[in-house]
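Subject: Handover of the structure, with notes

Dear colleague,

Please read them with the coordinates open beside you.

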Amino acid sequence: MRRSIRGSRRAAVLLPGIAAAAGLLLSGCGAGQISETANKVPSVQGANLAAGDGKYAVRGALVAYPGVEGYQAGDNALLNVVLYNDSADPVTVTVTSSDAREVVLTSVAAATSPSPTASPSPTASPSAEQSPEGSPSPDNSASPDNSPSPDESPSPSPTESPSAGPARIEIPPLSYVQLNTEGEQVLQLVGLNEALLAGQNVTLTFDFGGETVTSPAPIAVPLTPAPEPSPIIERHTGYEGEGGH
């Protein structure tokens, strides 16, 4: 019985020493090394901002990826963002940018397919030009025929007006508004001041009813590397060799 008691006492004394030595070994092995999380790129791109002492927030402000060639001066760019109102009162948010002519609120359908909207305008112009080019005698007959054409010309303008407007967004109290390509509406930067590439920034200003915050928002980068360009193959023929002699 005495031996067992002494053995248990020795074990109790040795265990804390072993634990301390193991801790020192682990700390020594980790010294000077970089953790794996330090090299990880965040999965969600975009700028996160706060205004009004935390009552208002901007999450994921990100300009859409422009492609390998980037944006050219004068191009339009989509802006994805989610706006939060954590106050008890509604607020109207105004979005502007010093790097673009203006910022508008438009529908995703109009922003992603601008080509069909521009097609009707040129088609109507040649039709009006062909009518006067016809025989001058039926001008009176052409005038009633041309009457519907001016009616068609102003028709595209009202259709375009609701699809795009000033970047003013009303947010109910304790709510948020999602403005990106996954929803129905999105913000659009119209007329960029200069050429921009993926990874660069665009300065944005969010005005929450007097509470203003300004910050750069990044331009999205591709999640996968761009494909390598096809190699240039030079053809060598016998004619070139003969011509050299």
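In which sense do strands β4 and β7 pair, and over how many bridges? Strand β4, which covers residues 91–96, pairs with β7 in the antiparallel sense, and four bridges are found between the two. Please keep in mind throughout that this is a predicted model.

The protein chain has 245 residues, of which 24% count as buried, and it contains eight helices and 11 strands. Its accessible surface comes to about 16,800 Å², with 56% of that belonging to carbon and sulfur atoms. Among contacts between residues at least 6 apart in sequence, 72% join residues that are at least 24 apart.

To return to the strands, V91 has I171 of β7 as its bridge partner. Leaving out residues up to four places away in sequence, I169 touches L83, V91, T92, V93, V95, L105, V177, L179 and L187. I169 is also one of the residues that touch the most other members of the largest nonpolar core, a set of 34 residues, together with L83, L187, L189, F206 and F208. As a general background, nonpolar side chains in soluble globular proteins tend to be buried together.

Strand β4 also pairs with β10 (residues 201–208), again in the antiparallel sense and over four bridges, and here V93 stands opposite F208. Strand β10 in turn runs antiparallel to β11 (residues 211–218), to which eight bridges join it, and D207 has T212 of β11 as its bridge partner. The hairpin formed by β10 and β11 has two residues between the strands, and in it G209 takes a positive phi near 60 degrees.

The side chains of T205 and T214 are joined by a polar contact of 3.0 Å. Setting aside its neighbours within four places in sequence, T205 is in contact with T94, V95 and T96, and also with T212, V213 and T214.

With best wishes

How values were computed: Residues numbered from 1 in each chain as written. Predicted model: local features only at pLDDT ≥ 70, side-chain atom pairs only at ≥ 80, totals over all residues. Heavy atoms only, no water. Pairing = 2+ DSSP bridges. Polar contact = N/O pair within 3.5 Å; in protein donor to acceptor, adjacent residues only side chain to side chain. Contact = heavy atoms within 4.5 Å. Core = buried A, V, L, I, M, F, W, Y, C linked by side-chain atoms within 4.5 Å. Buried < 20%, exposed > 50% of the residue type's maximum accessible area, 1.4 Å probe, protein only. Areas by Shrake-Rupley, 256 points an atom, 1.4 Å probe, with all protein chains shown as cover.
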